[in-house]
Every structure is written in C-alpha cells, then in structure tokens.
Amino acid sequence: MTVYEQRALQWCEQYGVVEYKLNKNVLEYNISYPAYLGNPHYTVKHIVNLDTMQETTKQLKRYDPKGVYNR
C-alpha cells in the first residue's frame, strides 16, 4: 500500500466516504444531497490533494446517484 493509498483511506474513514477515485496524489469523491423544501437534489464534487491535504469543492450540474453513499 502506497503513502497516497494510506492517506486516502484515512481521509475516507474520517469523513465516511465509501465511493471514491484515487488518481496519483488526488482523491476525488462526490456527495449527493436529496431534494428538500423546494430545493432540487444536487451533487458536490470534493477534490483532495493528498500532498497538502487541502480540499476544494464545486457543485456539479448533474446529479450523481452514487454520491448518496458518501453522506
């Protein structure tokens, strides 16, 4: 197991992430939220640089049903 795989696994265990992709030093996963009080369902993509452990997020235009597992 590489250092990046270990860091990704620690991150995912801490934040309850089940479905993720690991590409070299970048961990990517989506979190999907259901429709609530008139707001439509949506998905947020999380990108984590495993060298610096910095996370960036952005809301996607399409809903990802697999992201429900990461909540």
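Modeller: What follows is a short exchange on how some of the labels are reached, and the model we discuss is a predicted one.

Biologist: What makes the contact of E28 and K45 a salt bridge?

Modeller: The term asks for a side-chain nitrogen of Lys or Arg within 4 Å of a carboxyl oxygen of Asp or Glu, and the side chains of E28 and K45 meet at 3.6 Å, N to O, so the pair falls inside that cut-off. E28 belongs to strand 2 (residues 26-33) and K45 to strand 3 (residues 42-49), so the bridge ties together parts that are 17 residues apart in sequence. The structure holds one salt bridge.

Biologist: Why is E28 called partly exposed?

Modeller: Buried means under 20% relative accessible area and exposed means over 50%, with partly exposed in between; E28 has 24% relative accessibility, and therefore counts as partly exposed. K45, at 22%, is likewise partly exposed.

Biologist: Why does K24 count as exposed?

Modeller: The cut-off for exposed is over 50%, and K24 reaches 70% relative accessibility, so the label applies. K24 sits in the loop between strand 1 and strand 2, and has a positive phi of about 55 degrees although it is not a glycine.

Biologist: How do you know that L22 can be part of a surface patch?

Modeller: Patch residues need over 30% relative accessible area, and L22, a residue of strand 1 (residues 21-23), has 33% relative accessibility, so L22 passes that cut-off. Together with M1, L9 and Y20, L22 makes a nonpolar surface patch of about 380 Å².

Terms used
Residues numbered from 1 in each chain as written. Predicted model: local features only at pLDDT ≥ 70, side-chain atom pairs only at ≥ 80, totals over all residues. Heavy atoms only, no water. Patch = residues over 30% accessible without salt bridge, like charges linked within 9 Å, V, L, I, M, F, W, Y side chains within 5 Å. Areas by Shrake-Rupley, 256 points an atom, 1.4 Å probe, with all protein chains shown as cover. Helix = DSSP H or I, 4+ residues; strand = E, 2+ residues; numbered from the N terminus. Buried < 20%, exposed > 50% of the residue type's maximum accessible area, 1.4 Å probe, protein only.
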